[in-house]
Amino acid sequence: MIQTENIHGVYVIPSNESSLIWFGVIFVRNGPYEDGIFRFTIVLDENFPDCEHPKVVFQSEMFHPVIDPVGNELNLLNAFPKWNKSEQHLWQVLKFIQWIFYNVDASVAHVVNTEAAEMYKSNKNAFKAKAQEIVNLSKDHLYDEPPTEDKHYIIFEPYVPEVHDKIRMSMITFQEEQTSKIGHSWVLPGTYKSLARPPTPQSESES
Amino acid sequence: MEWLNSILQPKNQRALVNSEECDPQACYDSFKEHWHQTLKIFNRVQNLPSHDDVLGVVNHLEQMMTLLLYDIKRQDRHSMSVASSKCLEYLLTENILDRIFDWSMRAGRYNNAVRCEQLKMYEMLIRQSRHMLLIHEPFLRPMIKLLCSCEGEVFSTEIEKLLVDLLNQLSALLMQNIEFIELFFREEKNFVRFIIFSLLIPFVHREDSIGMRARDALLLCMSLSKKNKKVAIYIAEHSNFSVLVASGLSALYSVLPNVLHDIIVPDWHRFTPDDVNEIKGLLTFVTSLEFSNAIAQVAHPMIRRELQEFLYRGFLIPVLGPALLQTTVQEQVAATAYLELILRTVTQPGLLHSMLQFLLKVDYDGERLLNILIQRINSERQLCLVSLAVFESMVDLDCEDLMLELVFKYLQPCLHLMLSHRKILLPLDPHCQSFERLLTLSPKCCQLDDDTIIEGNNVQWNHFKHKQSLYGKYYAYLCDARSKIGRCQMACMTWNNSYSGEDDHSHNSEENSSSLISLERSSGYESFNLNSEDLKDDFEFWQISSNNNKHKKSNISPTIIDDVEQLSSSASAGPFLVILMEKLRNFLSNSFYINLHITGLISRLAAYPQPLLRAYLLDHSLVLQPNVPSLFEIIGVLQQKIDDYMSRQSDCINLIKYARDCLVDREIMLVNLRRYRAENPNMRKPDSNEPFQRNGPKRRSLNIPPISSLFSRRPSQIESSVPMVSSPEELQFNLIYPKFNEGQHVALCAVLLEEWVKELAALAQEHTVAQLATLLK
């Protein structure tokens, strides 16, 4: 289900040791936290899903209205006051994680870090600077030694052209191959009428 | 102008340019000196210079070019801007280019000689400095004047080449620096001019390398049109480009042979790359067509639309239509083959749309071309073959409109099915019994020579462990089926309808959908099966699943189609399928090659994932209306006829052996032919590798590589049927196309049927796998 939701930039994997602990990382592509690569861990209660909301803890120091500066825990209580197993799902938590980085404005409503929230409201520039600071911090620690020996811990390594170029090229060409064989259809949607649509999409007529 | 050639050899250039020792100051001085000498001649002879005068000027200019190039390259090497070249600076400040131009215009019959030098100079300077010089008046103005002076002139090949090279450079330059387009573009009240374009047009249909370069440059201009609307408007409205292209096509088509006289090989069904090269005029026609296709891909939509219109109204309807409707069979064969070639060449969607409109919508005496072509499948051998080839190409397009008109229009109402089966058209045949059923339809005579027997449902499929061929290897069929189905499925993702037997657009769908919800599969995650539109506002962003908004057609839920009144009276699978099936019924009287194509076409149709078609062809549990042809039934009848005949033959086992060897040898030969072609370039990309080779070699039997390379082992079995006295060519021909007697022919049918049944079974199996995969997603 998490896969089908296609939450861009967020990657998670259950740990090897326990399926109650998940490793995650989010690549932020826009907004004040652009270029940030933030690791987090999701901890599920033993009785999951019959319990309260899962715990999300960020690994490196964070500065965000919704993330507790002490302990780096994400405040989920506002978003998920109750955890009803038939309505609340893990993918929603991931979506929330994604959401807070792109919608700082709206996320202020879930504040646990008042300093961050205040700075955001009164001095956006300072906020942005601080956000960039933690972005850089996250990047500096990207290649650190893993804090755990768990086999599923997400490890990053620097790009080595000799090793990675080939794979990159094959990914690019694979993409091209996929798009090369496309079928055609000018059937009017909702009908069985052939050639009922114009030859080329209207959007292309704007250059 | 031979004397010019001797001067134009850049003998000194290379030596000078590579030498590091040349003192830049000396270079500059020399440059100035050459110019002074040139000026002397200009001043002495202001009009109509003599041969010697021009020789002198050309010489000096050549030297100046060499020095200039050297100086510029030197600047480049030292990472300095080109503009810091002293020679170049001198060139600009002394307005050298302008003066040369003025003098050249007064040089009478030696004008072109000087023009030559100028073109070379400009080309070299642009190549070295890219767009930097374009902002300098002393460079740009004379160049534009030079280009304008070339309009309407007829030149020698050398000058043409230089001109087109320069135009190519400029077009490429403009592509990357679109802002400079204004320099070459002149807009007056009623008059728009794009000099580069107008100079290239005359070369559009040329066959030689100049033509090729001109077309390249034109394509660049077309790409420019996408970036700059003025250019697009100019090309579309002020140049007669589209008309030229379309009328060019018509003209080129009209010189093509009306009848193809030299088709010798019996399995010729479409033009191969060799044919295109050999048949007079065909290469030019195809080049022009490919060019139009390329334009349609890169040009502004305005231009594209014009091209489509002119293709449709200027070529297809007035020229190709009547060609296809000629009265003699030979003429029809040629025209159909041309149509097939055009269909394969024109890939840009807009142009393809015009093709389809031509085939599907135009009325020729009350009949659509598509229907006329379908009927031709029933003709004699050659016309049948090329017609089948056209349909193979059509089916290969994965185009919903075509498939709708050929097949789905007739299958969709489900009238071909018995009433009870109209309720449920399961896309899944979970135990895939159809595939086993198919395998039992294999002719029993084929199992006689091996120790393989069909015991109940146990079939051995590795008959030929000792032969190095894919032939007989079922696994190869499975792989092939999987990739075909996968590709087809991917291509059909752009389609609008699912053709799953549900009435996608029934007005009852609202009523049905409410009852469907209870039938819909619902896991814990699907608790959001409420109307997402209403609830979007109440829910936060992270609570809304993107899956709810995806338009999914559930193939699982059955729909009740309530056109009970229309019963078996209008039951039909449509003319296309019916004619194919009828042709299949005549398997034993058809030529071997026709059978290859019929089976190939049906297999290709069977690769389509749409349940309506797949079930019709491959689901044996589907009960059809009595007069609707069934593949299982037809193959069953063929099996029986073949077995009957073969049981009456004393040397049945040898006949089967011979037939198998024939097929294997043919396959090996085609593979080797392919390899031979691959090792000799200038050939187009070969077709994808099929385990069961259907496409034959080219039209004529000449130019086939020596027999030893065709066959990896000596064709001992076939020799016996070849008369001893014959020319080498005849021998070659007879080895590749042996003539079969009746027994051999039936044996071939048996063996072909055996293989085909495996192919179909593999498709049935792989469909099941593919559907399971989709379900589990």
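Pro14 of chain A has a bridge partner in strand β2(A), and that partner is Trp22(A). Trp22(A) is also bridged on to strand β3(A), where Ile42(A) is its partner. Please keep in mind that this is a predicted model.

**How the strands pair**

- Strand β1 of chain A covers residues 10-14 and runs antiparallel to β2(A), with five bridges joining the two.
- Between β1(A) and β2(A), the chain makes a hairpin through six residues.
- On to the next pairing: β2(A) and strand β3, residues 37-43 of chain A, are joined by seven bridges, again in the antiparallel sense.

**How enclosed β2(A) is**

- Strand β2 of chain A spans residues 21-27, and five of its seven residues are buried, so the rest of the structure largely encloses this strand.

- Helix α4 takes in residues 114-122 of chain A, and its buried residues are Ala116(A), Ala117(A), Met119(A) and Tyr120(A).
- Viewed down the axis of α4(A), these buried residues fall within an arc of 165 degrees, so they line one face of the helix.
- On the face turned away from that buried side, α4(A) carries the exposed residues Thr114(A), Glu115(A), Lys121(A) and Ser122(A).
- Which helices are included in what covers the buried residues of α4(A)? They include α3 (104-107) and α5 (124-140) of chain A.

Technical notes:
Residues are numbered from 1 along each chain as its sequence is written. Chains are lettered from A and ligands numbered from 1 in the order in which they are written. This is a predicted model: local features need pLDDT of at least 70, side-chain atom pairs count only at pLDDT 80 or more; totals for chains, interfaces and linings use all residues. Side-chain values use heavy atoms; hydrogens and water are left out. Buried means under 20% relative accessible area, exposed over 50%, partly exposed in between (1.4 Å probe, protein chains only). Helices (H or I, at least four residues) and strands (E, at least two) are DSSP runs, numbered from the N terminus. Two strands pair if DSSP finds at least two bridges between them. The arc is that of the directions from the helix axis to the C-beta atoms. Contact means heavy atoms within 4.5 Å.
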